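Okay, thanks everyone. Let me put the model up, and then I'll walk you through the ligand sites, a helix pair and a couple of loops.

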Amino acid sequence: MLPHSLPPMIDPFGRSISYLRVSVTDRCDFRCVYCMSENMTFLPKGDLLSLEELDRLCSAFIRRGVRKLRLTGGEPLVRRDIMTLFRNLGRHLETGALEELTVTTNGSQLSRFAGDLAACGVRRINVSLDTLDAAKFRQITRWGALDKVLEGIDAAQRAGLKIKINAVALKDFNEDELLPMIRWAHGRDMDITFIEVMPLGEIDGQRVDQYLPLSEVRARLSQALTLEASSHRTGGPARYFRSVETGGQVGFITPLTHNFCESCNRVRLTCTGTLYMCLGQEDAADLRKPLRASESDDALMEAIDRAISRKPKGHDFIIDRTTKQPAVGRHMSVTGG
Ligand code: SAM
Ligand code: SF4
């Protein structure tokens, strides 16, 4: 234990919480069809925690044993002055209190920020990219431009950032592209992870029409590639396989076909200071109130303890034709992917 640290966060199932994901904004410059509806109502700006408050909350979690911190959103890199938060959080890397500071981004702003991220101590980033076809990219993101994201990836690699590509596997959309995307990613020394679509928030279409089980994807990929089960771990829920032919890792995040909850080490904080103990459950704790109530962190630490003591065993996701409502009403952009 570090000298200044407090007791670690252990949930009722004995899981130790060492990973915090923070959604720094619910806003985004894209409107991915599986994530958002076209006309989203976002939080009033006044409801958001300031960057200083986000820093104070993150720092409190680091004192309680968080070793890995991921900023996400919405699109984290569209929040004004977000580099100030990265820079300030970087101090915990320097002291060794924090092992890793990272970000999940759609890549649209990376050409601008890659150098700054590296300077703040960020070493690895996740870039979400579902297709390498410019027209399809526009279709799936509604507002995005593929060439900007590819420029961003170039800039990030030039800045020395290690990139993992995240792609949502979507039925009748990118099924045929998954193999070429593995070849592309591994050819550029990037690992790639596929994600099943999750029933989070109202969207314009039906999720059952988008859902592609990754068990099917893996079986199909195995006809072209030798996928060897790998012990590779990134602290996340992905199961990894090494592709012998292309030499990189292929991850599968299967919240629906495989329950990844047993080893869950994470909690998620929204930009309004609400703590979700599980991505797939409604229960949450308000940390903004204790944060603002006093300059001391005592009430905040108590609220964190109460929240962790309620962390549920797992989620209850299901996608089928009879379930019309999303399993969880809030969008992924609120809780942070
Ligand atoms: N805007 C950033 C991005 O796209 O990387 C960060 C936030 S985004 C919500 C994080 C990840 O969640 C992305 O990889 C996105 O593809 C994924 N995602 C969003 N909605 C999803 C859903 N309903 N099911 C599965 N993945 C989803
Ligand atoms: Fe924005 Fe990311 Fe959601 Fe796409 S997945 S709309 S980029 S938050």
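So, Gly74: one of its backbone N or O atoms sits 3.0 Å from a nitrogen atom of ligand 1, where a polar contact is a pair of N or O atoms within 3.5 Å. Keep in mind that this is a predicted model, with local features needing pLDDT of at least 70, side-chain atom pairs counting only at pLDDT 80 or more, and totals for chains, interfaces and linings using all residues. Residues are numbered from 1 along each chain as its sequence is written, chains are lettered from A and ligands numbered from 1 in written order, and side-chain values use heavy atoms, with hydrogens and water left out.

Back to ligand 1. An N or O atom in the Glu75 side chain is 3.2 Å from a nitrogen atom of the ligand, and a polar backbone atom of Thr105 is 3.2 Å from one of its oxygen atoms. Taken alone, ligand 1 exposes 550 Å², and the protein buries 96% of that (Shrake-Rupley areas, 1.4 Å probe).

Who's around it? There are 17 residues, and Tyr34, Gly74, Glu75, Ser128 and Met198 come nearest; to be near, a residue needs a heavy atom within 4 Å. By class, that shell is 6 nonpolar, 8 polar and 3 charged. For the classes, Ala, Val, Leu, Ile, Met, Phe, Trp, Tyr, Cys and Pro are nonpolar, Asp, Glu, Lys and Arg are charged, and the others, Gly among them, are polar.

Gly74 turns up again around ligand 2, along with Cys28, Phe30, Cys32, Cys35, Met36 and Asn106. Here the shell has 5 nonpolar, 2 polar and no charged residues.

Now the helices, which are DSSP runs of H or I, at least four residues, while strands are E, at least two. The axes of H1 (residues 51-63) and H9 (residues 298-308) come within 11 Å and cross at roughly 65°, with axes fitted to C-alpha atoms over the stretch in contact and angles running from 0 to 180 degrees between N-to-C directions. Leu57, Ala60, Phe61 and Arg63 of H1 meet Leu300, Met301 and Ile304 of H9, contact being heavy atoms within 4.5 Å. That's 6 nonpolar, no polar and 1 charged.

Last, the loops. Asp81, between strand S2 (68-72) and helix H2 (82-95), has a positive phi near 65°. Arg142, between H4 (134-141) and H5 (146-158), has a positive phi too, near 60°.

Methods
Polar contact = N/O pair within 3.5 Å; in protein donor to acceptor, adjacent residues only side chain to side chain.
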